[in-house]
Amino acid sequence: MKRFWTKARREPAIPRTPWSWFLDHAEVCSDCRTSQRCPDGERLHDAVRRAARAAVQ
Ligand SMILES: [Zn+2]
C-alpha cells in the first residue's frame, strides 16, 4: 500500500498537481496555516481554482 502522505518526502509519492503545491507550501507557511493573507498561498490557491475550473469544463 502506497503511503499517501509522508513528512520526509525524498521522492514525490503523489503526482505534482496545483493542489499538492499548495499543500506543500501550506505545510511550511505559518501564515497559510493560520489563515492569514499570504501572496504565495494566494497564487498557489488561484492555480488550484483554475485547475478545478478546467477539470469540470
Ligand atoms: Zn503561505
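Start by selecting serine 35, which sits in the loop between helix H2 (30-33) and H3. Helices here are DSSP runs of H or I with at least four residues, strands are runs of E with at least two, and both are numbered from the N terminus. Keep in mind that this is a predicted model, where local features need pLDDT of at least 70, side-chain atom pairs count only at pLDDT 80 or more, and totals for chains, interfaces and linings use all residues. Residues are numbered from 1 along each chain as its sequence is written.

Stay on serine 35 for a moment. Its phi is near 60 degrees, a positive value in a residue other than glycine. Most residues other than glycine have a negative phi. Is serine 35 buried or exposed? Serine 35 is exposed, because it has 8 other C-beta atoms within 10 Å. The cut-offs: buried means 20 or more other C-beta atoms within 10 Å of the residue's own, exposed means 12 or fewer, and partly exposed lies in between, with C-beta atoms placed from the backbone.

Now zoom out to the whole chain. You'll find three helices and zero strands, running α-α-α from the N terminus on. Of the 57 residues, 5% count as buried.

Next, select H3, residues 39-56. H3 has 18 residues and reaches 26 Å from its first C-alpha to its last, close to the 26 Å expected at 1.5 Å a residue. (That expected span is 1.5 Å times one less than the number of residues.) How many of the 18 residues of H3 are buried? The count is one, and H3 is hardly covered.

Axes are lines fitted to C-alpha atoms, for helices over the stretch in contact, and angles run from 0 to 180 degrees between N-to-C directions. H1 and H3 are therefore roughly antiparallel to each other. Angles over 145 degrees count as roughly antiparallel, under 35 as roughly parallel, 65 to 115 as roughly perpendicular, and the rest as oblique.

Want to see who meets whom? On the H1 side, show Pro18, Trp19, Trp21, Phe22, His25 and Ala26; on the H3 side, show Asp40, Gly41, Leu44, His45, Ala47, Val48 and Ala51. Two residues are in contact if their C-beta atoms, placed from the backbone, lie within 7 Å.

Let's pick three of these residues. Click tryptophan 21, in helix H1. Tryptophan 21 is partly exposed, because 16 other C-beta atoms lie within 10 Å. Leaving aside neighbours within four places in sequence, tryptophan 21 is in contact with Arg16 and Leu44.

Move along H1 to histidine 25. Histidine 25 is also partly exposed, with 17 other C-beta atoms within 10 Å. What does histidine 25 touch, leaving aside neighbours within four places in sequence? Histidine 25 is in contact with Cys32, Asp40, Gly41 and Leu44.

Last stop: histidine 45, over in H3. Histidine 45 is partly exposed, with 18 other C-beta atoms within 10 Å. Draw a line from histidine 45 to phenylalanine 22: the two are 23 residues apart in sequence and 6.3 Å apart in space, C-alpha to C-alpha.

Methods. The expected span of a helix is 1.5 Å times one less than its number of residues.
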